[in-house]
Amino acid sequence: MLYLKLAWRNIWRNKRRTLITIASILFAVFFAVVMRSVQEGSYAKMVDNMVRFYTGHGQIQDKDYWEEKTIDNSLAYKDSFTELERTNDHLDFVVPRMESFALASSGNLTKGVMVLGIHPEKEKHVMNLEGKLDTGKYIQSNDKAALIGKGLAKSLKLGLGDTLVLIGSGYHGANAAGKFPIKGIIKYPLPDIDKQAVFLPLKEAQWFYAAEDRMTSMVLMVDKAKNVDGVVKNVKASLGSEEYEVMSWAEMMPEVVQQIELDRSSGKIMLWILYAIIGFGIFGTILMMTAERRREFGVLMSIGMSRGRLILVTWLEIIMLGFLGVLAGIAVSFPFCYYFYKNPFRFTGEMQDVYEKMGIEAVLQASIDPSIFLNQAFLIFIITSILAIYPIIKIWNLRPVAAMRA
Amino acid sequence: MNSVIKTKGVTKIYQETVVPVQALNGVDLDIKEGEFTAIVGPSGSGKSTLLNIIGGLDNPTEGSVAVGGKDISTLSQNELIDFRQNNIGFVFQAYNLIPVLTARENVEFIMLLQGKSKEERNKRVEYLLEAMGLADQIDKRPNQLSGGQQQRVAVARALASKPKYILADEPTANLDSKSTADLLDLMAQMNQEEGVTFVFSTHDQRVIDRARRVITLEDGKIVSDK
């Protein structure tokens, strides 16, 4: 307690210098936190977009489907798939999907499309197509109708109630052909999907592809991204069969993981440069603190304070200085990040095009993952601890008489 | 009376400059328990160096120093720190109080390092500051006190750990006549009441007049002992 009191009072001896040092750490932490928060928020958004539309957090597939994505490698429905929802705490939904391609036409217009057979009720929690409706109504399980993207509707000049003709190849070479009235038109935030996707109720898709009770994947949706690997592992163990392949989104989209890692690394380099600059600033303060208190260190040692205790007090001062800066930085950056977490910034114009061309929703959403904030505290702790080596060496080599003569 | 501070052939040569400086040249000294001794001499005569060596702050180049029967020239730096903490109280010319601590905390500091109980600390602090006439200044920081008051706090700090010896290096150099007289009264009182041995380095006549023994140093040698 004595040492804490002494350290605390010592740092406030020169208020102006302490405030300047704290302010410099505050700004470094603010910029670092905001940068990391926006970066991680973007990754999370990107992954969420892709996970929700393409892969889910994980998938159960037929063991050959990943290598050759055809309906022939689809899997038959089993009750044990949906049982998984009940037996896995972190698994929110197991959602069946039938995914393939077909040729779509309307009048004289033809276009290759992606056909997605979905479970309308469960997909409300995954793709949330109902929330993306532009006109018309959302499809129900027993409907014999289709939901299409606004981009596709425009290409094929289709409106509500018009008929969409699909032709393709079904299960084991069966002919696939069907006519589906347009029940709803959605505005999907990813342009590729918006221009290509046709959503059918699962039963209609199975009928269309002549693949009754079959699906290409069972999509796994997990409560939190951090639980994905655990759930995938559990599902693998639960199914315990070599008929199936259970993959996480990261295994299915390794290029996305690599892209994120690459981007994260470049961000970290920026952070290290920022912290190196701040480190020199803090070091300047430490240098002055050490030099101007040399005499005092000598006196304290003369009256019986050991080097170890003196080092402890000095180390506490430096760590306190660092933590005050970190706390101030977090106090300023958290509301900022929280605002952009709750109110994501939506790009328009050219930036929107750039994002959408990459297949990412043109939204900038910050992350409030506690690790972003805690990591800054940890980094400052490391930096200040390294910088504290200087006064430690000085105190270690201090000769009280020489110091008091200074 | 027992001999408590004994130096034998103490020589100190500083090698810090191009030309070595001999600060002490074979000093033999014997101070008895409870003495009130002044070491006097002109600037550069070696007074402070001798005090530093007796206090274990500096090592002699040659010779031996025994304090309380213990040869301190053989102790390690850490052992010396412990030795000083429990046996010696220092009073400096420039007071050297810890600026961020109050008068009470400055006096209490050394006892905290010694691990004394709160009750014992409070009792001792109050007794000492009362004795120094600073009972009403107890919660003031050094910059809120006059020079004389700061030096009295410094004396209280030096006495807090109940040391056997107080080494005071020019304690009155920055004080006016009244503060000097008050301080010397207090030191004499503590010398009587607590049996503490006082050794001053000084060239202040007011201190010399109050000392019971005066040792004169010149060019690092004792030239008189009265």
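1. Basis of the model. Because the model is predicted, local features need pLDDT of at least 70 and side-chain atom pairs count only at pLDDT 80 or more, whereas totals for chains, interfaces and linings use all residues. Residues are numbered from 1 along each chain as its sequence is written, while chains are lettered from A and ligands numbered from 1 in the order in which they are written.

2. Overall form of chain A. Chain A contains 16 helices and 14 strands; these elements are DSSP runs numbered from the N terminus, helices being H or I of at least four residues and strands E of at least two. The radius of gyration is 30 Å, well over the 22 Å that the globule rule gives for 406 residues, so chain A is more spread out than a compact globule. That radius is taken over C-alpha atoms, and the globule rule is 2.2 Å times the number of residues to the power 0.38. Along the principal axes, the C-alpha atoms of chain A fill a box of roughly 100 × 50 × 30 Å.

3. Burial and contacts in chain A. Of the 406 residues in chain A, 39% are buried. A residue is buried if 20 or more other C-beta atoms lie within 10 Å of its own, exposed if 12 or fewer, and partly exposed in between, with C-beta atoms placed from the backbone. Among contacts in chain A with a separation of 6 or more, 79% are between residues 24 or more positions apart; a contact requires C-beta atoms, placed from the backbone, within 7 Å.

4. Helix pair in chain A. H2(A) (residues 15-55) packs with H10(A) (residues 254-292) at an angle of about 175 degrees, the axes being 10 Å apart. This makes H2(A) roughly antiparallel to H10(A). Angles run from 0 to 180 degrees between N-to-C directions, and axes are lines fitted to C-alpha atoms, for helices over the stretch in contact; angles under 35 degrees count as roughly parallel, over 145 as roughly antiparallel, 65 to 115 as roughly perpendicular and the rest as oblique. The contact of H2(A) with H10(A) has 16 nonpolar, six polar and three charged residues. In this classification Ala, Val, Leu, Ile, Met, Phe, Trp, Tyr, Cys and Pro are nonpolar, Asp, Glu, Lys and Arg are charged, and the others, Gly among them, are polar.

5. A:Arg9. This residue belongs to helix H1 (residues 2-11) of chain A. A:Arg9 is partly exposed, with 16 other C-beta atoms within 10 Å. Its C-alpha atom is separated by 70 Å from that of A:Tyr77, 68 residues apart along the chain.

6. Contact between the chains. Chain B contributes 15 residues and chain A 14 residues. On the side of chain B that touches chain A, helices H2 (77-87) and H3 (103-114) of chain B each supply at least two residues, and H2(B) gives the most, with four residues. This side of chain B has nine nonpolar, four polar and two charged residues.

7. Helix H3 of chain B. Ten of the twelve residues of H3(B) are buried, so the helix is largely enclosed by the rest of the structure. Its buried residues, including B:Arg104, B:Glu105 and B:Glu108, pack against H2, H4 (118-131) and H5 (147-160) of chain B. Just after H3(B), B:Gly115 takes a positive phi of about 75 degrees.

8. Four-stranded sheet of chain B. An open sheet has the order S2-S1-S4-S5 with antiparallel pairing, where strands pair if DSSP finds at least two bridges between them. S2(B) (21-32) and S5(B) (70-71) stand at the edges with a single partner strand each, so one side of each is left without a neighbour in the sheet. Two bridges pair S4(B) (residues 62-67) with S5(B), and B:Val67 has B:Lys70 as its bridge partner. Helix H1(B) (residues 47-54) lies across S1 (3-14), S2 and S4 of chain B, at about 120 degrees to S1(B).

9. Six-stranded sheet of chain B. The order of this open sheet is S6-S7-S8-S3-S9-S10, and the pairing is mixed. S6(B) and S10(B) (221-225) are the edge strands, each pairing on one side only. S6(B) runs parallel to S7(B) (residues 165-169) over four bridges, with B:Phe90 opposite B:Leu167. S9(B) (residues 213-218) and S10(B) are antiparallel, also joined by four bridges, and B:Thr216 stands opposite B:Ser224.

Conventions. Two residues are in contact if their C-beta atoms, placed from the backbone, lie within 7 Å.
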